[in-house]
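Have the sequence and the 3D view open as you read.

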Amino acid sequence: EYEEKILSSSEQTILLENSIFEKLVETILNNVKTIQNNSNIIAQLDIISSHAVTARTNNYIKPKIIDKSTKFVVKKSKHPVIENLLPPGEKFISNDIDLDNNKKQIAIITGPNMAGKSTFLRQVGLIAILGQIGSYVPAKSAEISIIDQLFTRVGASDNLAGGESTFLVEMNETANILNNATPNSLIILDEIGRGTSTFDGLSLAWSITEYLHNNIQIKAKTLFATHYHELIELAELLPDAFNLNSVVDEHDGEIIFLRKIKK
């Protein structure tokens with residue numbers, strides 16, 4: 001009798017579990033509309049309360065979103081993640097950005113490594129996303145237009161398994177931007193052309209910038225960080241391009257990164 005109980009216990013357990021599971025499934029199916037409705041309500045509450053707590057904790061402001069505007073103007077913007085990762089007592093250095101499809105379409109940003117160019121690019125992109133999903137944003141003021149797509153070309157990575165070198169990945173991503181961006185898009189470029197020789201890379205960066213500026217079907221607001229200092233000439237040649245620089249200072253023979261982006 002004990003032998004039979006021991007040998008059949010595993011089978012009995014499975015039958016019992018299946019029976020409970022089937023009842024659970026049946027109960028859920030009978031109440032699926034109520035469950036989905038409750039889930040939807042809880043999800044919305046979760047989003048709204050999360051945004052509210054984040055905004056209050058970090059002193060975010062309500063962005064002014066203007067339909068059919070061509071401007072993207074943010075004063076004293078911050079990176080929402082990096083600001084909270086800084087050591088105690090260290091303040092995040094805020095920066096302004098003033099983009100417009102007319103006259104201020106392309107910002108060419110130069111400066112040394114580690115001076116804050118990439119952080120600046122990313123915080124502008126994050127503010128665009130946060131503003132449009134209904135969140136307050138990390139800035140003193142923000143007047144932004146509707147962005148239909150946010151395009152980025154950042155980092156240096158390859159796809160060797162797929163037969164794509166660093167340069168090919170970079171060019172594919174750039175081609176995707178040039179083929180799909182519109183005047184309502186926001187484009188963030190963190191270096192273009194560094195996967196090949198210096199003059200080939202410079203030629204690519206130069207021609208891509210000209211194309212973004214001159215092609216009226218794209219003409220998107222663009223932030224372009226580069227180490228090709230030759231590109232600053234484009235601000236004189238292209239009416240809607242302008243230069244920004246990540247400022248550094250020297251004190252007692254040491255370089256000090258001021259983290260400020262200035263004209």
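Let's start with a pair of neighbours: strand 2 and strand 5 (residues 141–145) run antiparallel and are joined over 4 bridges. Strands here are DSSP runs of E with at least two residues, helices are runs of H or I with at least four residues, and both are numbered from the N terminus. Two strands count as paired if DSSP finds at least two bridges between them. To find this pairing on screen, look for Val 74, whose bridge partner in strand 5 is Ala 142. Val 73, in turn, stands opposite Glu 143 of strand 5.

A word on what you're looking at: this is a predicted model, where local features need pLDDT of at least 70 and side-chain atom pairs count only at pLDDT 80 or more, while totals for chains, interfaces and linings use all residues. Residues are numbered from 1 along each chain as its sequence is written, and side-chain values use heavy atoms, with hydrogens and water left out.

Strand 5 also pairs with strand 1, this time in the parallel sense, over 3 bridges. Here Ile 66 has Ser 145 of strand 5 as its bridge partner. Zoom out and you get an open sheet of 4 strands in the order 1-5-2-3, with mixed pairing. Strand 1 and strand 3 (95–100) are the edge strands, each pairing on one side only. From one strand to the next, the twist averages 15°.

Now for some helices. Helix 5 (residues 166–180) packs with helix 6 at an angle of about 10°, and their axes are 12 Å apart. Those axes are lines fitted to C-alpha atoms, for helices over the stretch in contact, and angles run from 0 to 180 degrees between N-to-C directions. Helix 5 and helix 6 are therefore roughly parallel to each other, a label for angles under 35 degrees. Helix 5 brings Phe 167, Met 171, Thr 174 and Leu 178 to the contact, and helix 6 brings Leu 204, Ile 208, Tyr 211 and Leu 212; contact means heavy atoms within 4.5 Å.

Finally, two loop residues. Most residues other than glycine have a negative phi. Lys 68, in the loop between strand 1 (64–66) and strand 2 (71–77), has a positive phi near 65°. Glu 191, in the loop between strand 7 (186–190) and helix 6 (198–214), has a positive phi near 75°. Lys 68 counts as exposed because its relative accessibility is 79%, whereas Glu 191, at 5%, counts as buried (buried is under 20% relative accessible area, exposed over 50%, with a 1.4 Å probe and protein chains only).

Conventions: Parallel < 35°, antiparallel > 145°, perpendicular 65-115°, else oblique.
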